[in-house]
Amino acid sequence: MTDRPAAPMHCNADLGWSRYFADQITEDEARIGFYRITHLERAGATGLNEAGPVALHFPPGLTTGEVAVGDWVLAQDTGRVVRILTRRSLLTRRAAGPEVRPQLIAANVDTLFIVTSCNADFNVARLERYVALALEADTTPVILLTKTDLATGRPAEDYAAEAQAISDRIEAVLTLNSKDENDLKRLRKWCGAGQSVAFIGSSGVGKSTLINGLTGIDRDALRARSVPQATGDIREDDAKGRHTTTARSLHLLDGGGVLIDMPGMRELGLIDAAAGINTVFEDIVDLAATCRFRDCAHDGEPGCAIGAAIDAGALDAERVERWRKLTDEDNRNTESVGEKRRREKKLSRFHKRVQSEGQQGKQGKYRR
Ligand SMILES: Nc1nc2c(ncn2[C@@H]2O[C@H](COP(=O)(O)OP(=O)(O)OP(=O)(O)O)[C@@H](O)[C@H]2O)c(=O)[nH]1
Ligand SMILES: [Zn+2]
């Protein structure tokens with residue numbers, strides 16, 4: 001384990017500040033501070049910008065649950081948060097536990113590294129779930145298949161081909177040994193200045209090893225280090241009643257990007273993720289639209305295009321079953337999602353559209 005010194009202080013652009021956010025603030029607002037959330041605490045948060053970390057607190061009406069690590073917020077000199085800037089991306093899951101509610105995982109992540117290994121952990125259904133989550137969140141999925149050095153039975157390339165076949169929206173599938181420095185270098189492409197990355201995957205697949213390798217320090221030490229924060233990590237029970245420290249946190253990478261550490265993501269229930277699921281299963285969704293009955297349950301009805309495709313050997317029945325399961329789960333959970341979140345999603349799409357339309361020539365009012 002190398003013990004490199006802490007990464008040097010970064011500028012706002014290194015931290016992920018971009019025109020997308022600059023365009024959202026008025027000239028008056030530009031006089032107050034804006035910060036990227038690095039840690040959440042019970043009643044506040046730690047924010048960071050090029051001047052360093054500050055303790056932030058939320059105004060009445062804004063709770064910790066509505067803010068995510070990775071968010072950009074405007075805040076007064078007193079540390080009182082004024083508002084959260086519209087997110088470029090937002091990872092959300094169904095919160096662990098019996099109550100159905102969405103839980104924000106991380107905001108403004110550019111690349112989500114989905115980690116699994118070339119062994120029994122490899123599971124297409126789980127990968128489809130993660131990819132749907134990534135696409136729903138507007139992050140770019142990159143799949144990392146670890147433990148190539150331990151792969152027995154099947155060559156690593158087989159796993160990679162199966163993973164890539166899940167969706168052409170997966171930017172890359174890499175096979176690697178998480179302990180090999182040369183393999184780690186292949187991740188740097190997504191970890192440059194201004195880029196935000198996060199890792200997700202089951203326990204034991206190598207996330208800590210990868211994160212340690214990228215940052216050069218121990219993951220536990222990483223949590224303790226980062227930037228000074230108030231005490232009071234958020235603890236919660238997972239499905240099996242275990243207490244887990246699930247504090248998510250943002251860290252600076254040597255190359256100028258940031259890593260959002262999201263420990264304890266054992267359960268990943270989808271909620272309000274129809275767009276992500278439909279993208280992963282695009283071909284099935286298109287086919288379903290051509291069934292004779294609009295409300296076809298694809299369960300032996302006459303004129304069912306999905307049944308016909310399965311019979312013709314053009315569609316994998318197991319994949320259809322996985323699509324159905326994910327969709328059912330999402331539908332069940334989504335009923336509880338409030339109107340507020342829907343509005344936020346719409347607003348974020350609007351900002352993105354305005355920005356891409358204004359790309360030719362027009363400069364933002366305020367830039368740093
Ligand atoms: N041989 C080999 N061992 C690996 C590889 N990746 C991870 N390991 C080992 O697998 C074990 C688990 O790796 P971790 O990095 O702790 O896995 P994790 O995903 O962080 O697990 P959690 O912290 O439980 O979420 C460790 O003993 C690692 O050294 C790999 O590519 N090859
Ligand atoms: Zn049908």
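Is Asn 108 buried or exposed, judged by its C-beta neighbours inside 10 Å? In this predicted model, Asn 108 has 31 C-beta neighbours inside that distance, so it counts as buried. The cut-off for a buried residue is 20 or more other C-beta atoms within 10 Å.

## The chain as a whole

The chain has 368 residues, and 39% of them are buried. Its secondary structure consists of eleven helices and 15 strands. Among contacts with a separation of 6 or more, 67% are between residues 24 or more positions apart.

The domain assignment divides the chain into domain 1, residues 90–261, and domain 2, residues 274–334. To the contact between them, domain 1 gives 13 residues and domain 2 gives eight residues. On the domain 1 side, helix α2 (residues 124–137) supplies the largest share, eight residues. By class, that side of domain 1 has seven nonpolar, one polar and five charged residues.

Helix α2 has 14 residues. From its first C-alpha to its last it reaches 20 Å, close to the 20 Å expected at 1.5 Å a residue. Eleven of the 14 residues of α2 are buried, so the helix is largely enclosed by the rest of the structure. Among the buried residues are Leu 127, Tyr 130, Val 131 and Leu 133, but also Glu 128, Arg 129 and Glu 136. Just after α2, Asp 138 takes a positive phi of about 70°.

Strand β9 covers residues 140–146. Six of its seven residues are buried, so β9 too is largely enclosed by the rest of the structure. Strand β8 (residues 111–117) runs parallel to β9, and seven bridges join the two. One of the residues involved is Phe 113, whose bridge partner in β9 is Val 142.

Strand β4 (residues 72–75) is covered on both faces. Trp 72 and Leu 74 are buried on one side, and Val 73 and Ala 75 are buried on the other. In a regular strand, side chains alternate between the two faces of the sheet.

β4 pairs with strand β1 (residues 33–40) in the antiparallel sense, over four bridges. Within this pairing, Trp 72 in β4 is the bridge partner of Arg 36. β4 also pairs with strand β5 (residues 81–84) in the antiparallel sense, over three bridges. Here Val 73 has Ile 84 in β5 as its bridge partner. β4 and β5 form a hairpin with five residues between the strands, and Gly 79 in this hairpin takes a positive phi near 90°.

Most residues other than glycine have a negative phi.

## Cys 304

Which residues does Cys 304 touch, not counting residues up to four places away in sequence? They are Cys 291, Cys 296 and His 298. Cys 304 lies in the loop between α8 (282–288) and α9 (305–311). It is buried, because 21 other C-beta atoms lie within 10 Å and the cut-off is 20 or more. Ala 22 is 282 residues from Cys 304 in sequence, and the two are 49 Å apart in space, C-alpha to C-alpha.

## The surroundings of ligand 1

Ligand 1 is surrounded by 15 residues. The closest are Ser 203, Gly 206, Lys 207, Ser 208 and Thr 209. Helix α5 (residues 207–215) contributes the largest share of this shell, three residues. By class, the shell has two nonpolar, nine polar and four charged residues.

Note on methods: Residues are numbered from 1 along each chain as its sequence is written. Chains are lettered from A and ligands numbered from 1 in the order in which they are written. This is a predicted model: local features need pLDDT of at least 70, side-chain atom pairs count only at pLDDT 80 or more; totals for chains, interfaces and linings use all residues. A residue is near a molecule or strand if its C-beta atom, placed from the backbone, lies within 6 Å of it. Ala, Val, Leu, Ile, Met, Phe, Trp, Tyr, Cys and Pro count as nonpolar, Asp, Glu, Lys and Arg as charged, and the others, Gly among them, as polar. Domain bounds come from an automatic or database domain assignment. Two residues are in contact if their C-beta atoms, placed from the backbone, lie within 7 Å. A residue is buried if 20 or more other C-beta atoms lie within 10 Å of its own, exposed if 12 or fewer, and partly exposed in between; C-beta atoms are placed from the backbone. Two strands pair if DSSP finds at least two bridges between them. The expected span of a helix is 1.5 Å times one less than its number of residues.
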